[in-house]
Amino acid sequence: MSSPVFPSLWRPLWRHNYLPRGVLQLPESTVLELKNITKSYFGVTVLKGINLSVKPGEIHAIVGENGAGKSTLMNLIFGMPVIHETGGFEGDILMDGQPVKISSPRQAMELGIGMVHQEFMLIPGFTITENIKLNREITKPNLASKVLGSGLETLDFPAMRKDSRQALEKLGLAIDESTFVSRLPVGYMQFVEIAREIDKKNARLIVFDEPTAVLAESEADQLIAAMKRLAEQGIAILFITHRLDEVMACSDTISILRDGELVKTLTRNETSVGEIAELMVGRKLERSPLPGRATEPSDEDLILELKDFRVEMPGERVRGLNLKVRRGEILGIGGLAGQGKVGIANGVMGLYPASGHVIKDGVELRLNDPKAALEAKMAFVSEDRRGVGLLLDESIAVNIVLTSIETQNKFLRWTILPGVRLLDQKAVHDYTLKIIKDLDIRCTGPNQPVRRLSGGNQQKVCLARAFSLHPEILWVSEPTRGIDIGAKQLVLDLLVQFNRKYGMTIIMTSSELNELRRICDRIALVYKGKVAGILKPDASDRDFGLMIAGKQLAKEVG
Amino acid sequence: MELKGRKIKSLFNFDHLKTFYEKFGLPRLIISCFLLGLFLLAFIMKMDLAILISNSLERIGMNGLLVLAMLPTLVTGVGLNFGLPLGFICGLVGGVISMEFNLTGFTGFFTAILCSLPLAALTGYLYAALLERVRGQEMMVGTYVGFAVVAGMCIFWLMAPFKNPAMIFAIGGKGLRTTLTLNEHYAKILNNFLAFKLFGVTIPTGLLLFFALFCWLAYLFLRTRTGMAMLATGANPMYATSSGINIRKMRYTSVILSNILAAIGALVYEQSYGFIQLYTAPLYMAFPAVAAALIGGATLKRATVGHIIIGTILFQTLLTIALPVTQTVLQGTDISEIARMIISNGMILYALTRNERG
Amino acid sequence: MTAPKITPQTLPDKTTEKTPQGSHLDRILGEMSVPIFFALLCFIGIIAADLSPRFLVNEIITRLARNSFLVLSLIIPVIAGLGLNFGIVIGAMSGQAALIIITHLGIGGLPGFLLAALISVPFSVTLGWLTGQVLNRAKGREMVTGYILGFFANGLYQLVFLVLVGTLIPMNNPKLMLSSGIGLRNTIDLIAVNRALDNALFNSVKLGAFKVPWATFLVIGLLCLFTSYFTKTKLGQQMRAVGQDMHIAEVSGINVNRTRLIAIIISTVLGAWGQLIYLQNIGTFNTYNSHEQVGMFSIAALLIGGASISKATIWNALLGVLLFHTLFVVSPLAGQRILGIPQVGEYFRSFLAYGIIAVSLALHAWQSRKKVESKDKG
């Protein structure tokens with residue numbers, strides 16, 4: 001078992017950190033067992049009949065695409081309020097073979113379940129000790145506390161420090177426990193979080209929610225090493241991640257979630273990165289033929305080129321990306337969350353600080369200036385519909401025309417006052433009526449506030465807003481997120497219609513590979529802020545899976 | 001108010017009652033009822049309603065522009081302009097300069113406005129630059145900047161090199177007086193312009209027209225490209241940015257506009273009052289204006305010219321008639337000041353603690 | 001078979017990069033720049049005013065005793081992240097209500113004073129609880145809300161004592177009330193409790209040539225001890241956590257709203273007692289105005305002592321009272337001497353008080369915005 005299946009894929013660093021853990025000698029008993037868990041939000045089933053068991057000392061990885069149900073599963077195990085506020089779930093959770101009810105994070109903690117959050121839950125102005133012992137302080141009674149209650153008991157700092165020291169040592173972390181967290185490098189903070197979990201005397205199972213997302217590579221290696229130390233001490237670990245090489249480096253068991261179903265549970269030495277990737281992506285593809293064009297787009301005629309493009313978008317950094325866009329095509333941009341695919345459109349459109357080169361029709365675009373991007377005949381439908389895309393309390397009409405007014409002086413009429421132009425309400429009304437009809441926006445009329453519209457119709461308003469600018473390039477991010485299935489198809493059809501009828505070049509970013517494969521000419525997959533490769537929509541699931549995980553392939557297109 | 005165009009289908013349709021209630025809002029309902037009650041009381045006590053109404057009209061015109069000064073900053077999401085005293089003082093400086101040259105009548109009034117404009121624009125720019133840096137705490141910083149400026153200007157009034165003997169302290173010959181009478185300059189010049197009497201009610205035509213003119217201009221402005229850009233900035237800064245709007249510029253513009261309106265408002269206020277009040281007088285100027293805007297239905301994120309007009313009318317009428325009515329009813333105890341404090345601050349508290357959606 | 005031990009050497013050592021040597025002095029100078037500036041101003045003022053040292057020292061002792069308690073009562077809300085408690089005015093009102101009651105009952109001396117302190121507790125706890133409720137609904141804008149709440153409460157206070165007393169609240173005391181039989185007089189004489197605390201202990205012991213209100217200083221000392229003890233208790237730790245990050249505190253199972261509520265209640269009670277100490281020293285009070293400036297002056301003093309919206313210590317409070325009130329004493333005379341106009345000094349004083357609050361608020365907002373921005377980028 002000590003020989004890795006894909007030796008060439010291993011990063012050198014793993015080699016000296018990875019120590020074979022011998023033949024698996026996990027005990028028969030289980031810490032946690034999930035039986036037939038089903039959960040739905042508002043009629044949409046997000047988890048279907050999940051069965052899962054974790055043994056003491058086992059590192060159990062859970063992998064899956066965005067929206068596969070990983071976070072719902074974790075929220076469920078940790079008793080997050082969001083689960084119960086939305087009607088609870090079906091199925092049983094067992095700990096040590098006994099059914100338990102976890103209805104709050106507090107209860108989860110009492111049962112010995114700890115959670116290491118993706119974002120650090122540490123108070124920067126507190127020392128490591130104070131953070132580890134937050135709200136679990138060791139106190140000594142005194143005169144005042146006897147009269148006025150335990151809240152006034154004095155803190156026993158020496159005892160707290162001793163405990164923290166122990167917890168840090170368990171992790172193998174040699175750092176002064178009275179250091180302020182604000183002075184720690186990011187890599188350490190994660191360890192403090194873990195120390196806090198293991199300091200809870202009854203810690204039996206710790207959930208790591210994408211713990212390496214914010215860490216540098218060397219730091220991630222340290223974390224993996226620490227996880228192994230914990231497992232050796234008999235603590236069970238649930239490890240949620242996107243990074244398949246990390247999964248291969250440390251986990252004993254791997255469960256793959258897809259569309260809310262547990263597709264397969266594998267042991268590490270029985271599988272390969274390729275197989276996991278295939279299982280993550282694979283699903284039936286219904287691809288109906290799209291209408292043809294007079295001339296198919298080609299590399300001869302480029303409309304846009306990104307060179308060494310970088311975007312500082314928190315959580316979605318783009319780091320030196322190169323991409324060529326053909327005139328008239330629908331280009332898909334896919335990839336996992338956090339890899340930077342969302343940052344590209346936001347950077348080009350000037351919404352997040354960007355650097356590098358963007359060349360449209362041979363002219364260099366001025367970066368970090370939304371107006372310049374709009375004037376270069378590009379439009380953007382944001383992934384954050386309610387946050388960026390809409391003025392929720394304004395009317396449909398205002399939402400659709402405002403950008404055109406600001407950038408193209410449309411819908412304004414001259415007045416008797418020299419140089420003063422006012423909103424041409426009649427023109428707006430007529431135009432909005434027409435576009436409502438064209439895009440089939442279901443509403444009571446142009447004056448309805450968009451807050452009252454359904455998600456699908458709100459998305460159509462966003463598309464109408466972008467369409468009204470008559471762009472040459474339309475950037476669309478996550479166009480079908482949060483809208484129901486019927487509306488999804490309509491939105492995709494609309495994009496195809498924009499492309500075929502008006503010749504708009506469309507660059508569509510989406511987490512759903514399936515919809516990219518349905519309407520795109522080519523799909524670029526982004527990994528670590530760069531294009532890992534470009535695939536045809538009919539490439540195999542395995543190719544898509546590997547490329548999403550950042551593996552270079554021999555047979556790419558364009 | 002926004003219900004005008006709607007047909008009420010059935011008298012017993014509670015949906016409409018509910019939307020009416022939601023749109024009108026509880027505070028406005030309470031205050032309107034309170035106001036109605038006061039009028040009823042006044043009628044029962046056989047008080048001179050004509051005088052009450054005349055005074056109310058005067059107070060409305062007098063304060064209207066100061067309330068309107070809240071509009072630009074509310075629209076762009078900067079919030080309530082608690083720094084109103086800053087603009088107010090710019091107006092006072094203009095007024096004092098015009099007085100120094102002994103200008104009278106409309107010449108005097110408009111010279112005062114002209115003098116105050118560049119000052120208001122400049123200080124408005126600096127104030128805007130400050131507010132931009134303290135986003136999220138604009139209200140508190142604004143309040144104390146206003147206070148500090150008032151206190152600092154007290155030193156200016158004492159030291160400023162004005163020479164007109166009508167303005168400086170009789171004793172010592174240095175420093176401006178606390179109140180400067182405008183009788184020989186432009187006292188009530190707007191109030192008396194085309195003023196007439198109707199059923200015993202004096203209508204201060206000029207004053208009301210002046211207020212109406214500015215409201216109309218504000219209404220038009222919000223329908224220009226810049227006005228729409230401001231609206232978008234306030235409603236959703238990210239939407240605005242993605243529409244190519246320079247939101248920082250919009251915020252600056254709104255603060256400068258607010259400051260200018262406050263300066264003009266100050267002069268309108270003082271001419272109607274008949275005196276220019278210096279030193280600590282402008283200290284609490286912001287509060288009644290803020291309260292009026294909120295009573296009118298404006299929230300920290302959304303305001304229209306209609307809100308401003310309704311708010312000014314409700315709040316000023318209430319203040320004007322509360323004094324004589326309660327004095328008559330309670331035999332001498334003046335609760336108008338107390339009512340002002342409770343209502344205006346209660347209103348501001350309501351706005352601050354209310355959870356706004358979005 | 002164990003994984004390698006992690007030591008600071010195996011990770012890039014950023015710890016030392018962030019705290020380069022020698023920055024310690026810079027930091028202290030940075031934190032103390034405000035007090036240093038004001039100390040200089042005081043120094044100039046003292047020289048310009050040319051007061052007799054005896055008068056000056058006497059005046060400062062009196063004012064330290066009079067104001068320190070009020071300023072100290074502001075510290076706990078700062079720790080709990082509620083910023084400067086402009087709602088302290090509400091505490092002051094409760095204290096005054098208690099004083100009105102004991103004056104009406106005619107109980108004087110130290111017993112009267114202690115009774116007032118006792119009576120003020122139910123008022124200030126109730127009002128503090130209400131204040132806390134309001135502030136919990138206005139997270140992120142506690143200060144402006146507390147400030148407006150002060151005005152609002154002032155309106156209610158006036159309604160009670162100017163209109164309701166003698167009408168709805170039966171009371172008959174010609175000495176305290178207006179001739180109409182409705183409402184209290186504008187000033188209330190506190191002869192009965194005048195200096196009741198100041199003179200309670202070692203009345204005859206003088207410090208050199210100066211009379212010292214020993215008992216008052218003892219009480220202030222006790223409050224200092226209490227405050228520093230409190231920050232080391234479990235509740236104090238919870239407040240610090242809430243003050244630093246409400247979200248994390250909540251996730252750790254701390255009841256954030258309740259913790260904030262307790263902080264405000266403590267501050268309000270202390271504010272009431274502070275106002276009692278203040279008024280027993282002055283000996284008379286302005287029924288409708290005495291409390292109005294309390295918040296502003298106390299906050300200005302705290303800030304001048306080097307505190308900020310998110311950080312305040314006992315030393316900030318005491319140093320601030322010293323500097324602010326020295327300035328208070330000397331500035332009118334200094335204005336007179338330097339510019340020939342006494343009012344200049346007075347206006348300059350209020351300009352400083354308002355200005356320091358404006359600058360602190362602005363600096364704090366500015367810095368926290370920069371922090372948020374760099375967090376977004378980092």
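**Entry 1: chain B against chain A**

I began with the contact between these two chains, counting heavy atoms within 4.5 Å, and found that it takes 20 residues from chain B and 28 residues from chain A. This is a predicted model, in which local features need pLDDT of at least 70 and side-chain atom pairs count only at pLDDT 80 or more, while totals for chains, interfaces and linings use all residues. I noted also that residues are numbered from 1 along each chain as its sequence is written, that chains are lettered from A and ligands numbered from 1 in the order in which they are written, and that side-chain values use heavy atoms, with hydrogens and water left out.

For buried area I took the accessible area (1.4 Å probe) that two parts lose on being put together, summed over both; for chain B and chain A this comes to about 2200 Å², with 61% given by carbon and sulfur atoms. On the chain B side, R225(B), M228(B) and Y239(B) lose the most area to chain A, and together they make up 32% of what that side buries.

I then looked for salt bridges, meaning a side-chain nitrogen of Lys or Arg within 4 Å of a carboxyl oxygen of Asp or Glu, and the rule finds one across this interface. The salt bridge joins the side chains of R302(B) and E394(A), at 3.0 Å from N to O.

Polar contacts were next, each a pair of N or O atoms within 3.5 Å, where within protein one must be able to donate a hydrogen and the other to accept it, and residues adjacent in sequence count only if both atoms are side-chain atoms. Between chain B and chain A I have 12 residue pairs of this kind, both residues at pLDDT 80 or more.

Helices here are DSSP runs (H or I, at least four residues), numbered from the N terminus. Both α10 (225-235) and α11 (237-242) of chain B supply at least two residues each to the side that touches chain A, and α10(B) gives the most, with six residues.

**Entry 2: chain C against chain B**

I repeated the look-up here, where the contact takes 40 residues from chain C and 40 residues from chain B. The two chains bury about 3800 Å² between them, 77% of it on carbon and sulfur atoms. Y347(C), Y354(C) and R369(C) supply 17% of the area that chain C buries against chain B, more than any other three residues.

Across this interface the rule finds zero salt bridges, and I have two residue pairs in polar contact, both residues at pLDDT 80 or more. On the chain C side, α7 (142-164) and α14 (342-377) each supply at least two residues that touch chain B.
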